[in-house]
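Please read this note with the model open beside you.

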Amino acid sequence: MKRLAFAYHPDYLLHAPPFEHPESPERLLAIVERLRTAGLLDRLIPVTPDYAAEEDILAVHGREYLEKLESACRRGDLTLDAEDTYLNRHSYNVALLSAGGAVAGSKAVAEGAADRAFCAIRPPGHHAGREAGMGFCLMNNVAVAAKYLQARHGVGKVFIVDWDVHHGNGTQSVFLEDPSVFFFSVHEHPTFLYPGTGRRWEIGKGKGEGTTLNAPMAPGAGDDEYRLTFEEMLTPAVERFRPEIILVSAGFDAHRDDPLADIQLSDEGFRFLTRRVAELSDAYCGGRMVAVLEGGYEIGSLTSCIEIHIRELLGE
């Protein structure tokens, strides 16, 4: 049985939409209740996040963007640039705390307090680039965690697996020219779904060429197509790169019941994704794996898939 850290903070609920919106505090409330009802919460190692340190945030985001975001929250702006990314007066601090959750989970694994970690955090992060928030995302949590592990724990090579149904354009942009971080994303094809990036020819740039790998999926793709992609693209990429830790941008909106896309993964499909990445982390990273919550907006499928995800991370 693996020791699994669970990073969560009740203040994540303070980032609440001023209008009807799929990314809401109810997502986390439902996740916690599901894990409690299933008897899993008491089996996890609780980790209480703190606000991410300024130097860790600045390793990913520019100071000008952070000041803009903080000012917008203080003014009471309802959105940040794109109308899909809402704000309230708590959002800046909660975004710092969300990045801090990814850091806390990573720290627990890096220091050996846990074998793996699941970070139940929000707002999500993988669309946030160095100078912009978008797609419900304010700060790029998984990118902050990767930079933190490299700067504070001497980790050399980090592999990020992003299986959210939307391409992780922000994460890709942060590490586009960085050969020490491999970014793999499987998502619905950008011709059909936001944010319109993540085509196969996007492979990195400069020294980072070859360390970005995108697997766009046609609408209607499901368990069989994802299984084939993990076997034929992800697995050899991990084998070649030989990472020291695997981070997962764990979105659950590729489920067939989720309303925001047209991918048809089942609960068992998400079991396979989790199990395969865990196997790869066991084979190449000493089992070190940190999953960071991204999307997933249909409460029933979100909570059932996260229960499966947690059980797989525990090694049941």
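1. The model is predicted. Please keep that in mind for every value quoted here.

2. Start with His21, which sits in the loop that runs between β1 (4-7) and α1 (25-37). Is His21 buried or exposed? With a relative accessible area of 12%, His21 falls under the 20% cut-off, so His21 is buried.

3. The side chain of His21 has a polar atom 3.0 Å from the backbone nitrogen of Glu23. Setting aside residues up to four places away in sequence, His21 touches Asp84, Tyr86 and Phe136.

4. Next, find Asn140 in the loop between β5 (116-119) and α5 (141-153). Its relative accessibility is 0%, and because buried means under 20%, Asn140 counts as buried.

5. Which residues does Asn140 contact, beyond its neighbours within four places in sequence? They are Val60, His61, Gly125, His126, Ala128, Gly170 and Thr171. For Gly125 there is also a distance to check: its backbone oxygen lies 3.4 Å from a polar atom of the Asn140 side chain.

6. Last, the core. The largest nonpolar core contains 102 residues. Phe159, Trp163, Phe184, Phe230 and Leu247 have the most contacts inside this core. Helix α4 (residues 91-110) contributes the most to the core, giving 11 residues. As general background, nonpolar side chains tend to be buried together in soluble globular proteins.

Methods
Residues are numbered from 1 along each chain as its sequence is written. This is a predicted model: local features need pLDDT of at least 70, side-chain atom pairs count only at pLDDT 80 or more; totals for chains, interfaces and linings use all residues. Side-chain values use heavy atoms; hydrogens and water are left out. Helices (H or I, at least four residues) and strands (E, at least two) are DSSP runs, numbered from the N terminus. Buried means under 20% relative accessible area, exposed over 50%, partly exposed in between (1.4 Å probe, protein chains only). A polar contact is a pair of N or O atoms within 3.5 Å; within protein, one must be able to donate a hydrogen and the other to accept it, and residues adjacent in sequence count only if both atoms are side-chain atoms. Contact means heavy atoms within 4.5 Å. A nonpolar core is a set of buried Ala, Val, Leu, Ile, Met, Phe, Trp, Tyr and Cys residues joined through side-chain atoms within 4.5 Å.
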